[in-house]
Amino acid sequence: MDRNAITGIVLMTLLTVVYFSFFAPEPPPPPDNPSPAQESIMADATPNQDSVLEEVPEVVISPEAEDSAQQAEMVRTFGAFYQLVEGEEGSIEVSTDKLSLTIDNKGGAIREAFLNDFRTYDSLPLPVIQNHPNNRFSFEFLNGNKPLASSELFFTPSAKSLEVKGTDSATLVMRAAIDDERAIEQVYTFYGDRYDLGYEIRFLGMENILRTSTYYELDWTSYLPKTELSLTNMRQKTSIAYRMVNRVEKMTPSNEITEEVLKSSVDWVSFKSQFFSQILMADKDFRSGKVTMRTPESEEINRVMDASLKVDIARGAEISNKFQMFLGPNEYSTLSSYDRGLEEEMDLGWWFISFINIGTTYIFKFLEQYISNYGIIIIILAVLIRTMVLPLTFRSYKSMAKMRVLNATPEIKALDEKYKDDAQKLQMAKMGIYREMGVSMFGGCLPMLLSYPFLIALFFFFPQSVELRQQSFLWANDLSTYDSILSWDAQIPILSSIYGNHVSLFCLLMAISTMVYSYYQQKSQPNTGNAMFKYLPFIMPVFLLIFLNNYASGLSLYYLTSNLISISQTLLIRRTLNDEELLEQMRATSKAQKGKKGKKKSKGRLEKWMDSQQKKQQEILKQRQQAQGKSRSSRRKK
């Protein structure tokens, strides 16, 4: 149907409306000799003589005229697409090994999608796309000079349902046809054993309609559902990520409305939840866009994500844009297999920490081939890491034992008495003796510094590791969230906000083991005489107890196992060292140093730095004394 035909229909419709509204014939007058029945109807219709107003007969419009008027209005609003905005709503069911999807014929978009291999925390089918009335996936283009959205059109599916298994694939075409030559198509390609699907938007024979446009806009809104036990933990790990100019940007999780304008080309956009993501990838970059994230008050909705992306239009009889959708878990190996930087949406920590977490994912993948229980895998991981740093742990403990033995000697005690009023000189004197005896002040810190990156890395890794999700161990039903052995409904001020309304047993055991380990560490260290340092190691377990009570129980299990191994290593090393033998070794080292033609061992960097600081302080003190002396002399002269 061309433009002239449409114009003719519009004019005919308008003429029909005008004719029936103003020029329709009046009803015939009543007969001179009405029948009794007609007299009765006329009597009922005769107005009351007491009535002031005279009734005006209504103008009756036939149903055909009303239909013509509505059709004219639809033509004015939707142009050639007017016949596609009405229809009977229906849906198409699609099933693969990984996904179960429902696609609506109105709009042709995915209404909901479930992951077949996963369940929610309360054992319900897990929606990666939730069926929400305010969800939207639509593309809007200019129809002449008026915008038209695909969500307003009815599409005819090429199949009523699809089932795809294994390595097979199948295509579903959603077609909205104006006529035989002009149509809009949404083409979905499904794969049996994959979390992604192909998606293509086609404009066929519509170069005249789109002649004034260089792009169309893709509007995407998704209400991410609550799928985990802790909504707070979910929101901390939920954000929007996108890739621009070969770099991945991530919006900072916030409960406030957050908006970012994407001024340059965009490769992909991800609505990332704690464990699952919706990712839209473009074969050719989006021109630009805008993303918005907000947090609703509802306890059943995680966050609301919005993206508005501009898609370039290539001229031709067939205008086509291809995309790829990923609807699946945030699994590092799966995301990295696409070779588009999708794995960078995961928060694996700072660059040097992320390498540890990447290695941890591959260790998990290797061990799960032989061990089905992830609690045991976590314990093995802790054993591997503690065994790796065991040689350094032994050197650390030995270094601390040497310092403890030296601090009990008469030489050190004499220094304590001599410089009891000058802590800096006392420290410098002790460092000189430590150097002569072959003792390093930092020997005890090295293993701790090496173990910290692992502790920090796993702090990032465990709360978002989909491998641990719904994996049980002992009393914990899910190692990716807290293990509650006691809970209460009452809201206790301050306590409920920072600790929660439950007790996590793994976290409690971890805090106790940290306190025991701190006790043994303190016994092996030299006595500084400072009360603050005496109690400081016992503050950290309390802090961990409060902070990690709402965290993944798998993390607390790792810390607990690591502490138990460290305590065992400490007790074992203590049995292999003898204080008297250590003192003899150190005196022999000192004698050997003095026997080298009186040549002293050069000072370390720390000693040199402390020397320079001491000289600066002495210089400052000297200047103050001179200034005070001048001030006194000036006052005397006055």
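I412 lies in helix α9 (residues 410-418). Helices (H or I, at least four residues) and strands (E, at least two) are DSSP runs numbered from the N terminus. The model is predicted: local features need pLDDT of at least 70, side-chain atom pairs count only at pLDDT 80 or more, and totals for chains, interfaces and linings use all residues. Residues are numbered from 1 along each chain as its sequence is written, and side-chain values use heavy atoms, with hydrogens and water left out.

I412 is buried, at 0% relative accessibility. Buried means under 20% relative accessible area, exposed over 50%, and partly exposed in between (1.4 Å probe, protein chains only). Apart from neighbours within four places in sequence, I412 contacts L406, N407, K430 and I433. Contact means heavy atoms within 4.5 Å. The C-alpha atoms of I412 and L426 are 9.4 Å apart, at a separation of 14 residues along the chain.

Helix α7 (residues 374-388) packs against helix α8 (residues 390-406) at about 55 degrees, with the axes 5 Å apart. R386, T387 and M388 of α7 and L390, P391 and T393 of α8 make the contact. Axes are lines fitted to C-alpha atoms, for helices over the stretch in contact, and angles run from 0 to 180 degrees between N-to-C directions. The two helices, α7 and α8, are therefore oblique to each other. Angles under 35 degrees count as roughly parallel, over 145 as roughly antiparallel, 65 to 115 as roughly perpendicular, and the rest as oblique.

The structure holds 16 salt bridges. Each is a side-chain nitrogen of Lys or Arg within 4 Å of a carboxyl oxygen of Asp or Glu. K98 and D117 form one of them (3.5 Å, N to O). This pair links distant parts of the chain, 19 residues apart: K98 is in the loop between β1 (91-95) and β2 (99-104), and D117 is in strand β3 (residues 110-119). D117 is partly exposed, at 47% relative accessibility. E200 pairs with R202, the closest N and O atoms being 3.2 Å apart. E200 is buried at 10%, whereas R202 is partly exposed at 23%. Salt bridges with shared partners join R175, E185, E200 and R202 into one network.

L474, W475, I485, L486, L508, L509, I512 and V516 form a nonpolar surface patch with about 680 Å² of accessible area together. Patches consist of residues with over 30% relative accessible area and no salt bridge; like charges are joined within 9 Å, nonpolar side chains (Val, Leu, Ile, Met, Phe, Trp, Tyr) within 5 Å. Areas come from the Shrake-Rupley method with a 1.4 Å probe; for residues, only the protein chains shown count as cover. The largest share, 4 residues, comes from α13.
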